[in-house]
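Take a look at the model below. Follow the chain from one end to the other before reading on.

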Amino acid sequence: MTTDTHSTSTTRLRHDPLVRGLGWASALLGVPQVAAPAAFARALGVGDSPRHRVATTAVGVRELAAATGLLGRPRPVWLWSRVGGDLIDLAALTRALKNHDGRGVGRTVAATAAVTAITATDVYAAVTRTHRSAPVELTATTTVNESPDEVHSLWSDLERLPDFMAHLDEVRVTGPRTSHWRASAPFGKTVEWDAEITQDVPGQLIAWRSVDGADVDNSGEVRFEPAPGDRGTEIRVTLRYDLPGGPLGKAAARYFGEEPHQQLDDDLRRFKQIAETGEVVRSEGAPGGKRARGEFPQHPARPLTEGELKEALA
């Protein structure tokens, strides 16, 4: 079974345009670095001393090895090797800029910018072509100034979840206990799955899990408990899912601004606003639209009207 899986993965990657493009890019970069290391180093503006020539040759050999792997028997490990090499190259170029004598510094800056762009591409390719996953469990808590029954009722309206969950694009109810979910994922990807309600206790608990065939296996529960001192409802959320790409994918997603713990905290903050005010409040300076880091296009913040002020004072 393992051999068949590896064979299928290799065949799929061999016909992947991005993987083949990165393989040819490695080849085109590796050949001149091995054949003419001094000229290549000068082209980068870092000089052609013996130390620079040796480093350039080593990078060229690494690129040719990656090209052989990606164009021959492509595996995710070759994509991750490119990511590791990119990080080494960025560190070397950054050190070169720090110690630069000023001659050819423009070329070094351009090379650093190009390697930065290549690194982003390599990270995207490695994460999205790696099928191992890392189990993640997230927890968050907030207090809402409404009764448990009212808060439970609001959360039970699944099709309203995208109103406050930044990465949810759509939730469509498909049956008494089933629904279809579509969400935004790191690096501009979209994932979909069908889910079923496993527990639903009015005013106390909602629990769900994805069914077979989900792009991302996940489950979760929301508990609603009376807050101390009759101050509304404590909401305790637990989410569990398998993050595609394994631990390296998790680290890469965090690096590119997709921190899941912060996402959940922000989602609960928006839910609290909806439960207590009926909408997510934002200021004039906040961006609009789901793609602007999850802020939603409600009306700008404004002073209370006379009627709202009287109601608040009452």
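Predicted model: local features only at pLDDT ≥ 70, side-chain atom pairs only at ≥ 80, totals over all residues.

Residues are numbered from 1 along each chain as its sequence is written, and side-chain values use heavy atoms, with hydrogens and water left out.

Start with the whole chain. It has 10 helices and seven strands. These are DSSP runs numbered from the N terminus: H or I of at least four residues for helices, E of at least two for strands. Of the 314 residues, 39% count as buried. Buried means under 20% relative accessible area, exposed means over 50%, and partly exposed lies in between (1.4 Å probe, protein chains only).

Now find helix 2 (residues 17-35) and helix 4 (residues 50-71). Their axes come within 7 Å and cross at roughly 150°. Helix 2 is therefore roughly antiparallel to helix 4. Axes are lines fitted to C-alpha atoms, for helices over the stretch in contact, and angles run from 0 to 180 degrees between N-to-C directions. Angles over 145 degrees count as roughly antiparallel. Residues in helix 2 including Leu 22, Trp 24 and Leu 29 meet residues in helix 4, among them Val 59, Leu 64 and Leu 70. Contact means heavy atoms within 4.5 Å. By class, this contact of helix 2 with helix 4 has 14 nonpolar, seven polar and two charged residues. Ala, Val, Leu, Ile, Met, Phe, Trp, Tyr, Cys and Pro count as nonpolar, Asp, Glu, Lys and Arg as charged, and the others, Gly among them, as polar.

Next come helix 5 (residues 76-98) and helix 6 (residues 105-128). Their axes come within 9 Å and cross at roughly 160°. So helix 5 and helix 6 are roughly antiparallel to each other. Their contact holds 16 nonpolar, four polar and four charged residues.

Where do nonpolar residues gather? The largest nonpolar core has 36 residues, and Trp 155, Trp 193 and Phe 271 are among those with the most contacts inside it. A nonpolar core is a set of buried Ala, Val, Leu, Ile, Met, Phe, Trp, Tyr and Cys residues joined through side-chain atoms within 4.5 Å. Helix 9 (residues 260-277) gives the most to this core, with five residues. Apart from it lies another core, of 11 residues, including Val 19 and Val 127.

Finish at Asp 230. It sits in the loop between strand 6 (218-226) and strand 7 (233-244). Asp 230 is exposed, with a relative accessible area of 75%.

Definitions and conventions:
Parallel < 35°, antiparallel > 145°, perpendicular 65-115°, else oblique.
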